Amino acid sequence: MNPVEITQGKSFKGLSQYLLQDQNRETAERVGMVQTLNLEGAQGDQAWYLMLATANNANALKEAAGIKKGKAVKNTVYHYSINFNPDDELTPDIQRRAIAGSLKALGLDDHQALAVEHTDKAHNHIHIMVNLIDPTNGMSAASPQMCEDGKKRSKLSNSQ
């Protein structure tokens, strides 16, 4: 398994369309397994709406958590993929564990996410779209935060 960071960006809708549709946007033949995480059972095509709503309400979430509001975060979308060896025999359980494990390793396991398997390459791969805004406190995973060791850094500081 090889994780690859792709980008941070602004468009939940645009990335969702890329993940859930073929390049021509008329079919979805390359789409295999679809999984949503921390989105209360929402279907894949509903995920971006809920992520956008959370991102747009970041200041209200901060206020409710007793955190001082700062300037608005520009990049709220995080995109990476998990690439497998073509010889790997993947099961749905292995895919789910790889997704959960990668989110946990990044410290994003409590964030909203959409995972979509694409079957258009020789190797199996799963794209993961993550809302960088923490749904519990409105903080961005890309913003430096105080860590247990007393140092400030973002959750993504070691993503590479």
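Helices, counted when they span at least four residues, and strands, counted from at least two, are DSSP runs numbered from the N terminus.

**View 1. Overall arrangement of the protein chain in the predicted model.** With helices and strands numbered in this way, the protein chain of this predicted model reads β-α-β-α-α-β-α-β-β-β-β along the sequence, a pattern made up of 4 helices and 7 strands. Of the 160 residues in the protein chain, 39% are buried, and the chain exposes about 9,100 Å², of which carbon and sulfur atoms supply 47%. Among contacts between residues at least 6 apart in sequence, 68% join residues that are at least 24 apart.

View 2. Helix α1 comprises residues 12-20, and its buried residues are F12, L15, S16, L19 and L20. An α-helix has 3.6 residues a turn, so residues three or four places apart point the same way. The partners against which the buried residues of α1 pack include the helix α2 (44-56) and the strands β2 (31-37) and β3 (77-83), and they also include β4 (113-118) and β5 (125-131).

View 3. Although K62 is buried, it has no salt bridge, and E63, the nearest side chain of opposite charge, is 11 Å away; a salt bridge would require a side-chain nitrogen of Lys or Arg within 4 Å of a carboxyl oxygen of Asp or Glu. Leaving aside residues up to four places away in sequence, K62 touches I67, K68, K69 and G70, and also N137, G138 and M139.

**View 4. K74 in the loop between α3 and β3.** The loop that leads from α3 to β3 holds K74, which counts as exposed because its relative accessibility is 67%, the cut-off for exposed being over 50%. K74 and K10 are separated by 64 residues in sequence, yet their C-alpha atoms are 6.6 Å apart in space. When residues up to four places away in sequence are not counted, K74 touches G9 and K10.

**View 5. Strand β3 and its pairing with β5.** Strand β3 is mostly covered, with 7 of its 7 residues buried. V77, H79, S81 and N83 point one way from β3, whereas Y78, Y80 and I82 point the other way, and all are buried. In a regular strand the side chains alternate between the two faces of the sheet. The pairing of β3 with β5 is antiparallel and extends over 7 bridges; within it, H79 stands opposite M129 in β5, and V77 has N131 of β5 as its bridge partner.

**View 6. Strand β5 and the hairpin from β4.** Strand β5 is likewise described as mostly covered, since 7 of its 7 residues are buried, with buried meaning under 20% relative accessible area. From β5, H125, H127, M129 and N131 point one way and I126, I128 and V130 the other way, and all of these residues are buried. A hairpin of 6 residues joins β4 to β5, and the two strands pair in the antiparallel sense over 6 bridges. One of the partners in this pairing is I126 in β5, the bridge partner of E117.

Methods: Residues are numbered from 1 along each chain as its sequence is written. This is a predicted model: local features need pLDDT of at least 70, side-chain atom pairs count only at pLDDT 80 or more; totals for chains, interfaces and linings use all residues. Side-chain values use heavy atoms; hydrogens and water are left out. Buried means under 20% relative accessible area, exposed over 50%, partly exposed in between (1.4 Å probe, protein chains only). Contact means heavy atoms within 4.5 Å. Accessible areas come from the Shrake-Rupley method with a 1.4 Å probe; for residues, only the protein chains shown count as cover. Lys and Arg count as positive and Asp and Glu as negative; His and the chain ends are not counted. Two strands pair if DSSP finds at least two bridges between them.
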